[in-house]
Amino acid sequence: MRSKPETIAYLSVKEYCFSKKQIQGVVEANQFKWTFTYSFNKGLLTVNPPLGRALIENALLRFLLKKDYELEAGNQYKFTISAKF
């Protein structure tokens, strides 16, 4: 039985702004590092740089949709991605 590939992603919340309805932060997985802005009233996620964005975007959006009201600026979180990179 083969185990599923997994990568741990580490997320740092830099800003959580209720007036803008926005979360900004950084997410890292292996050698990749991205900044993101999540507009939680629109469900809109922007991830930069574009290199490797396809690897993280869906898993990051799922995590943010599930946890957005639990996240706090200055804190770090981790989640598992069902892919190896």
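Predicted model: local features only at pLDDT ≥ 70, side-chain atom pairs only at ≥ 80, totals over all residues.
1. Strands (E, at least two residues) and helices (H or I, at least four) are DSSP runs numbered from the N terminus, and two strands pair if DSSP finds at least two bridges between them.

2. Basis of the values: residues are numbered from 1 along each chain as its sequence is written, and side-chain values use heavy atoms, leaving out hydrogens and water. Local features need pLDDT of at least 70 and side-chain atom pairs count only at pLDDT 80 or more, while totals for chains, interfaces and linings use all residues.

3. Strand 1 (residues 7-17) pairs with strand 5 (residues 76-81) in the antiparallel sense over six bridges. Ile8 is opposite Thr80 of strand 5. Strand 1 is also joined to strand 2 (residues 22-29) by seven bridges, again antiparallel. Tyr10 has Glu28 as its bridge partner in strand 2, and Val13 has Gly25.

4. Strands 1 and 2 make a hairpin with four residues between them. In the turn, Lys21 has a positive phi of about 55°.

5. Ser12 lies in strand 1. With 11% relative accessibility it counts as buried; the classes are buried under 20% relative accessible area, exposed over 50% and partly exposed in between, using a 1.4 Å probe and protein chains only. Not counting residues up to four places away in sequence, Ser12 touches Gln24, Gly25, Val26, Phe36, Asn75 and Gln76, where contact means heavy atoms within 4.5 Å.

6. Lys33 is in strand 3 (residues 32-39) and counts as exposed at 53% relative accessibility. Beyond residues up to four places away in sequence, Lys33 touches Val26, Val27, Glu28 and Pro49. Lys33 and Phe63 are separated by 30 residues in sequence and by 17 Å in space, C-alpha to C-alpha.

7. The largest nonpolar core has 24 residues, and those with the most contacts inside it include Leu11, Val27, Phe36 and Leu64. Such a core is a set of buried Ala, Val, Leu, Ile, Met, Phe, Trp, Tyr and Cys residues joined through side-chain atoms within 4.5 Å. Helix 1 (53-67) and strands 1, 2, 3, 4 and 5 each supply at least two of its residues; helix 1 gives the most, with five. Leaving aside neighbours within four places in sequence, Leu64 is in contact with Leu11, Phe36, Tyr38, Leu45 and Leu71.

8. There are two salt bridges, each a side-chain nitrogen of Lys or Arg within 4 Å of a carboxyl oxygen of Asp or Glu. Glu15 is bridged to Lys20 at 4.0 Å, N to O, and Glu15 is partly exposed, with a relative accessible area of 30%. Glu70 is bridged to Lys67, with the closest N and O atoms 3.7 Å apart; Lys67 is partly exposed at 29%.
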